Amino acid sequence: MKDFTITIVGTGVIGTSIGLALKQMNEPPQLIAHDKELSTSKAAVAQGAFDKADWNLINACEKADLLILALPLDGVAPTLKAIAPDLKQNVVVTDTTRHAVATAEIAAQLLPETAHFIGGNPIVIPTGTGHERAHAKLFEGRPYCLTPSPKASEEAIQLVVGLVSLLGAEPFFLDPTEHDGFVTIVEQLPTLLGVALLNTVARESSWRETRKFAGQLFEQTTAGISHQPETIKENLRANDLLNLWLGRYIKQLQSLQTMLSTPAEESDPALLKLIEQAVTDRNNWLADYEQGRFVDPELLPPDNLEHPGFMKRWIGIGS
């Protein structure tokens, strides 16, 4: 399928893993990498994820039949603004951000009428952010959320559904606003916790000694602030629901504070009940994640999106 070109902008763990997974095909498409750091995209080529790295963004994207933006939210607008005039007619564009509403608005504003935008969000838990953490099986059995633009054609949607299937993931569809509401709870709220935690403990004079004891639990709790500060700020500002959930979270913390400041014989039963419920909920979530029980039948692609002839012509699947 060398006559079909996929360009991936951003060769971190997600972009490079997509390339590695597609390279498992019998006849993989032409895969082009671009990253703001040329050394990073060249390293991803050396890993076997891409056929070549192009240092020039426009050159990398103008040949693409399918363009994947494996970028943080603050990288989407500058990228689309730079490449939009040179994109191929009927190019299909998708992303991997956690902000469906914002990326959809950016795409609607900047992409030409002939482009088809399909928002995407792979629900995975990589072990790091760099290309060196990428692997071909990252998406296998995992949900992959799709939020198509209302203007996207059925063929374009099916193309991205086919891509997701090739990655070994399970495609499901959501409204962008609903998607962002869910992400606010499980992404932005923990990120705020990390910001608050570091600004609480690292400002104390004892931090010089305390930090020696910080291990895996501390690292996991603060993992949400491992990106650039500007990216984190944009992520936190991207959804108006965050304040609502922050208020609920603060109430929980205040309730725990009250219990811990009350004599044990009075508050321990309630405290233990809260902890037991949290442990149960976490164990259930992990079991569902590991066994791939997240995709409900009603969230799978509708039957009327099946166009095997189109898929076979474009990316070599179907019959």
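## Pockets, sheet and helices in a predicted model

By class, the residues lining the second largest pocket are 11 nonpolar, three polar and two charged. The structure described here is a predicted model. The second largest pocket holds about 320 Å³ of space. Its lining is made up of 16 residues, and those nearest the centre of the pocket are A107, A108, F117, S149 and K151. Two or more lining residues come from each of α5, β6 and β7. Of these elements, α5 gives the most to the lining of the second largest pocket, namely three residues.

Rolling a probe the size of a water molecule over the atoms shows where empty space is left. In this model the count comes to one cavity of 30 Å³ or more. The largest cavity contains about 40 Å³ of space. Its lining consists of D95, T97, H99, A100, T103, G119, G120, N121, C145, T147 and H179. By class, this lining has two nonpolar, eight polar and one charged residues. At least two residues of the lining are supplied by each of α5, β6 (116-122) and β7 (143-148). The largest share, three residues, comes from β6.

The table sets out the two spaces.

| Space | Volume | Lining by class |
|---|---|---|
| Second largest pocket | about 320 Å³ | 11 nonpolar, three polar, two charged |
| Largest cavity | about 40 Å³ | two nonpolar, eight polar, one charged |

Where do β6 and β7 stand in the order of the sheet? The open sheet has eight strands in the order β3-β2-β1-β4-β5-β6-β7-β8, and its pairing is mixed. The edge strands are β3 (52-53) and β8 (170-173), each of which pairs on one side only. Strands of a sheet pair through backbone hydrogen bonds, either parallel or antiparallel. Strands β6 and β7 run antiparallel and are joined by five bridges. G119 stands opposite T147 in β7, and both G119 and T147 are among the residues that line the largest cavity.

Helix α5 also packs beside another helix. Two packed helices are described by the angle between their axes and the distance between the axes. The axes of helix α4 (residues 73-83) and helix α5 (residues 100-110) come within 10 Å and cross at roughly 10°. Angles under 35 degrees count as roughly parallel, and α4 is therefore roughly parallel to α5. In this contact, L73, V76, A77, L80 and K81 of α4 meet A102, T103, I106, A107 and L110 of α5. By class, the contact has eight nonpolar, one polar and one charged residues.

Key:
Residues numbered from 1 in each chain as written. Predicted model: local features only at pLDDT ≥ 70, side-chain atom pairs only at ≥ 80, totals over all residues. Heavy atoms only, no water. Axes fitted to C-alpha atoms, helices over the stretch in contact; angles between N-to-C directions. Helix = DSSP H or I, 4+ residues; strand = E, 2+ residues; numbered from the N terminus. Parallel < 35°, antiparallel > 145°, perpendicular 65-115°, else oblique. Contact = heavy atoms within 4.5 Å. Nonpolar A, V, L, I, M, F, W, Y, C, P; charged D, E, K, R; others polar. 1 Å grid on protein atoms, 1.4 Å probe; cavity = no way out; pocket = protein on both sides within 12 Å on 5 of 7 lines; lining within 4 Å. Points joined across faces, edges and corners; volume = space filled by probe spheres on them. Pairing = 2+ DSSP bridges.
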